[in-house]
Amino acid sequence: KERTARLRQLTEELIRAEHGERRRIAHVLHEQLQQNLCAMKFHTHDLKGKNTDHAVIGLADRLLTELDAAIHMTRTLTADLYPPVLNHLGVRESIEWLATDMKDRQGLDVRVRAVKDVRLVSDEMRIFAFEAVWELLLNVVKHAKVKTAEVRLSSIGKGFVRIQVGDAGVGSDSK
C-alpha cells in the first residue's frame, strides 16, 4: 500500500509538472506569439490600405493569408497543448467536450456513456484520464479505419474510475 501510494504521488507530481509546462507554453503562444501575429496582420492591412501599387497590394494579400494561417496554427497548438476545459470541467464533462472536438476536427463520432458523478482522486488524475482518452481516440482515428467510437466511464470506488474506449475497427485480436 505504501509503494502504491508513493507511485500515485510521483505520478501526480509528474502530471502536475507536465501540465504546468504545457500551460506555460500555451500561454506564451497565446499571449505573445498570437499577439505579435495579430499586430503584423493589422500593420499589413494598414500598408495595403495606404498603397496603390498593385504589386504591394498583392504581396499584402499574400501576407494576410499567411498570417491568418499562422494565427490559426497557433490557436490550434494552444488548444492541443492545454485545452481550456481542463481548468473548469470534471472528467465526464471534459471527455464529452473531447468527443465534440474529435467530431469537429477529426470526423470521429464519439459516444460517451458515463454515470453522472464520476470523480477522481485528484485534478492530476483527471487530467491524466483526459489525456489518455485523447490519445486512445487519436489511435482510433489513425488505425481503426472507422468513423465511430465509444468511451465508457464508470466509478469503481471512491475516487477511482474505469475508462473504456472501444471501436469496431481493424486492430489486433485481444484473445
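Helix axes are lines fitted to C-alpha atoms, for helices over the stretch in contact, and the angles between their N-to-C directions run from 0 to 180 degrees. The model is predicted, so local features need pLDDT of at least 70 and side-chain atom pairs count only at pLDDT 80 or more, whereas totals for chains, interfaces and linings use all residues. Residues are numbered from 1 along each chain as its sequence is written, and side-chain values use heavy atoms, with hydrogens and water left out.

**View 1. The pairing of helices α1 and α2.**
Helix α1 spans residues 2-49 and helix α2 spans residues 54-81; helices (H or I, at least four residues) and strands (E, at least two) are DSSP runs, numbered from the N terminus. The two axes come within 9 Å and cross at roughly 165°. The crossing angle therefore makes α1 roughly antiparallel to α2; angles under 35 degrees count as roughly parallel, over 145 as roughly antiparallel, 65 to 115 as roughly perpendicular and the rest as oblique. The crossing of α1 past α2 is left-handed, a term used if the near helix is turned anticlockwise from the far one by less than a right angle, with right-handed used if clockwise.

**View 2. Residue I71 in helix α2.**
I71 belongs to helix α2. Its relative accessible area is 5%, so I71 is buried; buried means under 20% relative accessible area, exposed over 50%, and partly exposed in between (1.4 Å probe, protein chains only). Residues up to four places away in sequence aside, I71 touches L37, C38 and K41, where contact means heavy atoms within 4.5 Å. I71 and E93 are 22 residues apart in sequence, and their C-alpha atoms are 28 Å apart in space.

**View 3. The meeting of helices α1 and α4.**
The axes of α1 and α4 come within 9 Å and cross at roughly 70°. These helices are therefore roughly perpendicular to each other. From α1, T11, E12, I15, R16, E18, H19 and R22 meet E124, M125, I127, F128 and E131 of α4.

**View 4. Residue E131 in helix α4.**
E131 lies in helix α4, residues 123-144. Neighbours within four places in sequence aside, E131 is in contact with E18 and R22. E131 is buried but has no salt bridge, and R22, the nearest side chain of opposite charge, is 4.1 Å away. A salt bridge is a side-chain nitrogen of Lys or Arg within 4 Å of a carboxyl oxygen of Asp or Glu; Lys and Arg count as positive and Asp and Glu as negative, while His and the chain ends are not counted.

**View 5. Residue K145 in a loop.**
K145 is placed in the loop between α4 and β2 (148-157). Its phi is near 60°, a positive value in a residue other than glycine. K145 is exposed, with a relative accessible area of 72%.
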